[in-house]
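Open your viewer and keep the sequence panel beside it. This tour goes from stop to stop, with something to select at each.

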Amino acid sequence: MELICIQCPRGCAMNVEKKDGEVFVTGNFCPKGKEYAISETVEPRRVVTSSVRAEHGRVSVKTDRAVKKTEIFAVMAKIRAAKVLKNVQIGDIIIENVDNEGANVVATAPYRV
């Protein structure tokens with residue numbers, strides 16, 4: 001499999017091969033590229049950005065860390081079910097432990113009731 005690294009502006013073109021349960025990476029310039037390629041091959045993760053309903057509009061939110069790509073729909077279901085009923089500041093936790101692995105959904109903009 002071929003990947004373009006997104007860990008830095010260099011954008012290394014990497015080749016990733018999975019053989020006997022091991023992942024082999026070539027073409028990376030730095031260790032971050034290798035980590036990224038292994039993660040994308042073994043268990044891809046993404047930061048989820050969205051918005052949560054509020055009394056008078058919506059509050060923009062994101063996960064404070066990447067969640068498993070396979071869990072994005074479950075995370076989004078929890079985000080869609082949530083509602084903000086109080087004032088929030090940037091970084092306030094809206095949904096705690098949304099993925100059951102420690103990722104929180106946090107506000108990315110302030111909101112006043």
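Two strands pair if DSSP finds at least two bridges between them. Strands (E, at least two residues) and helices (H or I, at least four) are DSSP runs, numbered from the N terminus. This is a predicted model: local features need pLDDT of at least 70, side-chain atom pairs count only at pLDDT 80 or more, and totals for chains, interfaces and linings use all residues. Residues are numbered from 1 along each chain as its sequence is written, and side-chain values use heavy atoms, with hydrogens and water left out.

**Stop 1**

Select residues 49–54, strand E5, and residues 57–63, strand E6. The two run antiparallel, joined by six bridges. A hairpin of two residues links E5 to E6. Now pick Arg-53; its bridge partner in E6 is Arg-58.

Which residue of E8 stands opposite Ala-54? Click on Val-84 to see it.

**Stop 2: the sheet E1-E2-E3**

Next, show the open sheet of three strands, in the order E1-E2-E3. Its pairing is antiparallel. Strand E1 (2–4) and strand E3 (22–26) are the edge strands, each pairing on one side only. From one strand to the next, the twist averages 30 degrees. Axes here are lines fitted to C-alpha atoms, for helices over the stretch in contact, and angles run from 0 to 180 degrees between N-to-C directions.

Select strand E2, residues 13–19. Five bridges join E2 to E3, and these strands run antiparallel. Lys-18 has Val-23 as its bridge partner in E3.

**Stop 3: salt bridges**

Switch to side chains. How many salt bridges does a search of the whole structure find? There are five. The criterion is a side-chain nitrogen of Lys or Arg within 4 Å of a carboxyl oxygen of Asp or Glu.

Start with Glu-40 and Arg-46, whose side chains meet in a salt bridge (2.7 Å, N to O). Is Glu-40 buried or exposed? Glu-40 is buried, at 16% relative accessible area. Arg-46 counts as partly exposed, at 30%. The cut-offs are under 20% for buried, over 50% for exposed and partly exposed in between (1.4 Å probe, protein chains only).

Move to Glu-101, which is partly exposed at 37%. Glu-101 forms a salt bridge with Arg-45, the closest N and O atoms being 3.2 Å apart. Glu-101 lies in the loop between strand E9 (93–95) and strand E10 (105–107), and Arg-45 in strand E4 (residues 45–46), so the pair ties together parts 56 residues apart in sequence. Arg-45 is partly exposed too, at 28%.

Lys-68 sits in strand E7 (residues 67–68), so its pairing with Glu-101 ties together parts 33 residues apart in sequence. Lys-68 is partly exposed, at 22%.

Finish by selecting Glu-43, Arg-45, Lys-68 and Glu-101 together: salt bridges that share partners join them into one network.
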